[in-house]
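Biologist: I have a chain open on my screen and would like to go through it. Can you take my questions one at a time?

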Amino acid sequence: MPGQRRTRAAVAVWAGVFLAATTFVVVAASSDARPDLDFQQEGHWVYNAAEQAAFHVNGGTKQVDARTGKVQLTGAVAMGQGDRQLSAVGGGKAVVFGKSDLAVAATLAAPGGDVPVSLEVPGGPYYVYKQAGTVVRFAQLPPVTMRAGGTVGEPAPLADGTIWFQRVDNGVLCRVKRDAGEVLCPVNTDGKQGDVVATGDQAVFVDPAGGTITPFGERGAGTPANLGVRVGKNARTATVAVAQRLPMVDPGDNRLILAGLDGLGGERPGSAPITVGLGQGDFAAPVTSTDAVAVLDRAGRRVLTFTPTGQQKATTPLPEGAGQPRITRGQDGRVYVDAQDGAHTVVVDHDGSVTTIGIGKQDVPSPDTPKTPQPPVNPPPVAPHGKPQSPSAGKGTKDPAKTPPKAPGAPGPVQAQPGNATVKVSWGEAGANGAAITEYRVSWRSTAGEGTDGATSVGGNQLQTDVTGLRNGATYVFTIIAVNSVGTGPGADSPPVTPSSEVPGTPGAPSATAGEDGTVKLTWAPADGQGHQITGYTVTAHGADGSTTAAGTSTEASLTTATGVLTLGTAYTFTVTAANELGLSSADSPSSGAVSPYSPAAAVGGLAAAADDSTVTLTWTAPELNGGDLAGYLVEADGLTPQTVTGTTTTFNGLSNGTKYSFTVRAQTRQRGTTGATLDGAPATAEATPGRAPMVDVTGATSSGDRQITLTVNVSDYSSGAVTCHVVFNGAERWTGGCASGSSITVGGLDYATTYDIYVTGENSFGRGPTGSRGSARTNDPPPPPSSVSVSKGAAYSGPECTDPSCARVTISARNFAANASYSVSCVSTMGGSYYSYTARTNGSGAFDSSVCFFGYRGKPVWAVVGSVESNHLTW
């Protein structure tokens, strides 16, 4: 067995928590859901950026039947659902919703960088960050984070909830078992790079370069089997097999390959691979439903579906939209193709049939929307002995009422930082429970009676406040309560704190500079410790929308905020407080200048390149700007002068026909409200080859044989590729084939003595070109009919030369001979050969009739020869 590698990572709770993880641990621990029961997650959740809400698509009914409340997420958003909760991850933030009421249960800081792969499997959902090599399980709160130790490949989920994937750096195969808290890597591939594929409860390793498939498991790798087909090293493989077939897309020649798995591990060979041509496109890795294969063409914005035997089921165009679509397999065995902005999804059913569903305009209940009060329901009638009867007895059962919004949950942990007669109080966001939080009520009490109790309130988007006018030396506890339109939630208390005059001096006003990755870099003049040691600084961000956000802490007089902490595009000012070893905090520093965090824009959407004669015209749709102001678009191509445009289209002229050009478009943004340097966004690329349809001139045409004409042509191909000529005689196409300048084309099977008008049109990949110069020619006359001679019995004859009663004249008829010409005529029989000869002359039509000879041998043949033409043989 190959040597094992074990990569362990301790279970880690996500750190930068917007809401306290400890609160959610209690909630999750109190759940009575049984962990040993699995529930298949039906349907699919999609986050709609315009509506700022997630919508549930029922894959069976093809309807949108539920939505969450409003939450703001940026960039590409991945979603996953489990038995007890639903989660959405995007823009450095994760939002968790309860499955029962779809209300926000927690908001957490999430890893930035790559968009995770969402997997809905038993014990999940999981989010796999491939670049970071991180796996996060969201089965309950707090989520569990596991690290593989390096970048990983595409994950493959087994039916039992195990996830397998490959470490890219060393090739080992790693797995996360259901409910596990670590990543183990038990299988060594000797550094081979490939793909992991799930076939039910079995995993296989596909080595495209070696052309092999190898089953593997906890005890190592099995015996490799031949893939049965050669594929390029960039082949893209489905992570889940279907009907004993392994779907792969080979982008080198744009084909779908369905390799057989039925012979894997057995003594007999598997089924031969099936290959299907896909045509032109940029094809993602195939994704399987229960009994079909879906292939996404990102360039052509279409979805192709096939049966496991390679029969095409459907070709479905995607609706227009910005960004790249995202294709995933749901736990219900269907495939879902989501627009990046969540405006629509395409559902690929179990059998490969396809339905497109618009998202965002449906009238479905939202936890944010107050429900219309319902009339009171009469209590059920009371049966004898006081036992209630069912109100539905003998009647149809009514649908249960929708879950109404509820009062908010408790805020996250409350932090209190004492200062000189002041305390800075901060807390985590409370769960809204279906109705937006309108305010936080802040109250305080003196635990020993030395100080004065009090209360204040702040807006629902503020998560901290400064309480002033407190008594130094008195100990206070602060309580935070969230309020929404339904009512007030439970309170959360701070630890006891004691203000004091022994506080540090105020730090200098911070200098804030927006980075190019959504962060802000801050520096400030250090605070004076006033005889005490400065132990750290706390930075607060004040949004132009009235929000306050804990931006971070530092032991130095500088800080760079973490990605995802600040909302892109929002203007912030910053203040800093210093703390000393006594736990006392200074007053707020003066505010910094306002800056707006931003990051590179996303790739433009729908980039298309339309080629024409020496030109290529590019069109695209505006991308997500990620908090910046659009300065323009940078359009580049190898060997061409870059263009900067402000619209969503541009044209390159003067290009070389027949040369393929690769174009790259990036949005250029700058910090909002400034005129500073620009930042290039993510690239989108497209290829095109300029050219034009050809023109063909007929340079000559002549009769070249019996009913045939040969023509010569001059082909103007404009360096635009091979040309097919379509030759037209008197309006009918008579010949098609490849041609070039100077080609001779012979067309036969024409009519005799007919003058033909001849033209040729040329065709290439750009279409059929115009008609060029014409020609004409006349075919030859038809040949004369052949000479013929026939004999028949003429009038009876009686004479000394012929006395038999059967004696009669021999009538000779000659036709189609030369006109007015003399021919020798011989009468011939089997009785004596040529028994009489004479000369006859044809008339102007080349014919004569003659009855000079006679014949009287009954039952013997007689015939005639005119010139060299022999007649029929006649017997009477």
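Biologist: What joins Cys725 to Cys739?

Modeller: A disulfide joins Cys725 to Cys739, with 1.8 Å from S to S. A disulfide is a pair of cysteine sulfur atoms within 2.5 Å. The torsion about the S-S bond of Cys725 and Cys739 is about 75°, so this disulfide is right-handed.

Biologist: Where in the chain are the two ends of that pair?

Modeller: Cys725 is in strand β56 (residues 723-729) and Cys739 is in strand β57 (residues 732-739). They are 14 residues apart, and the pair links distant parts of the chain. Strands here are DSSP runs of E with at least two residues, helices are runs of H or I with at least four, and both are numbered from the N terminus.

Biologist: Before we go on, what kind of model is this?

Modeller: This is a predicted model, in which local features need pLDDT of at least 70, side-chain atom pairs count only at pLDDT 80 or more, and totals for chains, interfaces and linings use all residues. Residues are numbered from 1 along each chain as its sequence is written, and side-chain values use heavy atoms, with hydrogens and water left out.

Biologist: How many helices and strands does the chain have?

Modeller: The chain has one helix and 70 strands. Of its 876 residues, 48% are buried.

Biologist: Which handedness does the link of Cys174 and Cys185 have?

Modeller: The link of Cys174 and Cys185 is right-handed, with 100° about the S-S bond.

Biologist: What about Cys827 and Cys853, what do they form?

Modeller: Cys827 and Cys853 form a disulfide, with their sulfur atoms 1.8 Å apart. Cys827 is in strand β64 (residues 822-829), whereas Cys853 is in the loop between β66 (848-850) and β67 (854-855), 26 residues along. Both Cys827 and Cys853 are buried.

Biologist: If I number the bonded cysteines in sequence order, what is the pairing?

Modeller: The pairing is 1-2, 3-4, 5-6, 7-8.

Biologist: New topic. How many aromatic pairs does the structure hold?

Modeller: The structure holds 17 aromatic pairs. Rings of Phe, Tyr and Trp (its six-membered ring) pair if their centres lie within 6.5 Å; planes under 30 degrees apart count as stacked, over 60 as edge-to-face and the rest as tilted. One of the pairs is Tyr476 with Phe478, which is tilted, at 6.3 Å centre to centre and 35° between the planes. Tyr476 and Phe478 are buried.

Biologist: How are Phe729 and Tyr756 arranged?

Modeller: Phe729 and Tyr756 form an edge-to-face pair, 5.5 Å centre to centre with 65° between the planes. Phe729 is in strand β56 and Tyr756 is in strand β59 (residues 755-764), 27 residues apart.

Biologist: Why do you count Phe729 as buried?

Modeller: Phe729 is buried because its relative accessible area is 2%.

Biologist: Is β68 (residues 861-866) mostly covered or mostly open?

Modeller: β68 is mostly covered, with five of its six residues buried. Two bridges also join β68 to strand β69 (residues 869-870), and these run antiparallel. In that hairpin there are two residues between the strands, and Gly867 takes a positive phi near 65°.

Methods:
Buried < 20%, exposed > 50% of the residue type's maximum accessible area, 1.4 Å probe, protein only. Pairing = 2+ DSSP bridges.
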